[in-house]
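Have the viewer open while you read, and pick out the residues as they come up.

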Amino acid sequence: MQLLSLLLLTVQICVVNSSCCSKLKKSMFDDLIGMMMKLKGTEGHGTDTELSQKKTPAFTAYRDSVQDLSSREIVRFDKVWTNNLNAYDVNTGVFTAPIAGLYHFSAVVMSEAGKNLFLHLWHNDAKTAASYTHGDGFKTGTFDVVLNLEKSDRIYIRCRGNDNQRIFSNVDRYITFSGYLIAK
């Protein structure tokens, strides 16, 4: 920490006095940023505790068409914008955790005009949260949860039992499902 303070002070003095050449200022600044990143644990040198963008499980999937849902059927967000590690399966609508950790999941769903829509977010075989839309017009429901997952745990959104329902979307992509690893 003392070295970091000394380096920061040296950079500030050089900038104020303009006595350092630009190459030295850039080198000092790069060193300072590198030290700060090491202190925060964000520099990617391949250790198990550090995450890089490509190695972080993350996905955002969407639908651009209606899906008729029979009782207990899984909503299939069948297109993706992001799917690091291919952990989200567009064919099944299921995210499978490639590594254990703390994950954040969110979703936006939409009912057809004047129709009810009752969905649950599932963690393996257990309901975690529900979204219920009711009333006139198109209605949106949301999910927003943080869950501790073990490797191979599954997360998905499913229609409530004993109901046939329809989830609405079109080319404007009204419905999305996202998840990402927060911490190992």
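The report below goes from the overall fold to the sheet, the aromatic rings and a few individual residues.

## Ground rules

This is a predicted model, in which local features need pLDDT of at least 70, side-chain atom pairs count only at pLDDT 80 or more, and totals for chains, interfaces and linings use all residues. Residues are numbered from 1 along each chain as its sequence is written, and side-chain values use heavy atoms, with hydrogens and water left out.

## The overall picture

The protein has two helices and 12 strands. Here helices (H or I, at least four residues) and strands (E, at least two) are DSSP runs, numbered from the N terminus. Reading from that end, the order is α-α-β-β-β-β-β-β-β-β-β-β-β-β.

Of the 184 residues, 35% are buried. Buried stands for under 20% relative accessible area, exposed for over 50%, and partly exposed for the range in between, with a 1.4 Å probe and protein chains only. The protein exposes about 10,800 Å², and carbon and sulfur atoms supply 53% of that area; the areas come from the Shrake-Rupley method with a 1.4 Å probe, and for residues only the protein chains shown count as cover.

## A five-stranded open sheet

Five strands make an open sheet in the order β4-β5-β10-β7-β8, with antiparallel pairing. Its edge strands are β4 (88–89) and β8, each of which pairs on one side only. Two strands are said to pair if DSSP finds at least two bridges between them.

Strands β5 (residues 94–96) and β10 (residues 154–159) run antiparallel and are joined by two bridges; here Phe95 stands opposite Ile155. Seven bridges join β7 to β8 (residues 126–133), again antiparallel, and Leu121 faces Ala129 across this pairing. The hairpin of β7 and β8 has two residues between its strands, and Asn124 takes a positive phi near 55° there.

## Aromatic rings

How many aromatic pairs are there? Rings of Phe, Tyr and Trp (its six-membered ring) pair if their centres lie within 6.5 Å; planes under 30 degrees apart count as stacked, over 60 as edge-to-face and the rest as tilted. By this rule the count comes to 14 aromatic pairs. Tyr103 and Phe105 are stacked, because their ring centres are 6.0 Å apart and their planes lie at 15°. Both of these residues are buried. Phe138 and Phe168 form a tilted pair, at 4.7 Å centre to centre with 45° between the planes. This pair links distant parts of the chain, 30 residues apart: Phe138 is in the loop between β8 and β9 (140–149), and Phe168 is in the loop between β11 (165–167) and β12 (175–183). Phe138 is partly exposed because its relative accessibility is 47%, whereas Phe168 counts as buried at 14%.

One aromatic cluster is formed by Phe59, Phe77, Tyr88, Phe95, Tyr103, Phe105 and Phe177. Elsewhere, Arg158 lies over the face of Trp122, at 3.9 Å from the ring centre. A charge sits over a ring if NZ of Lys or CZ of Arg is within 6 Å of the ring centre and within 35 degrees of the ring normal.

Ser111 is in the loop between β6 (101–110) and β7 (117–123). Is Ser111 buried or exposed? At 0% relative accessibility, Ser111 counts as buried. Its side chain reaches the backbone oxygen of Lys115 at 3.3 Å, a polar contact (a pair of N or O atoms within 3.5 Å; within protein, one must be able to donate a hydrogen and the other to accept it, and residues adjacent in sequence count only if both atoms are side-chain atoms). Beyond its neighbours within four places in sequence, Ser111 has contacts that include Phe138 and Phe168.

Gln165, in strand β11, is buried with a relative accessible area of 10%. A polar atom of the Gln165 side chain lies 2.5 Å from the backbone nitrogen of Phe118. Gln165 and Asp68 are 97 residues apart in sequence, yet 6.1 Å apart in space, C-alpha to C-alpha. Thr82, in strand β3 (residues 79–84), counts as partly exposed at 33% relative accessibility. Leaving out residues up to four places away in sequence, Thr82 touches Ala58, Phe59 and Thr60.

Conventions
Contact = heavy atoms within 4.5 Å.
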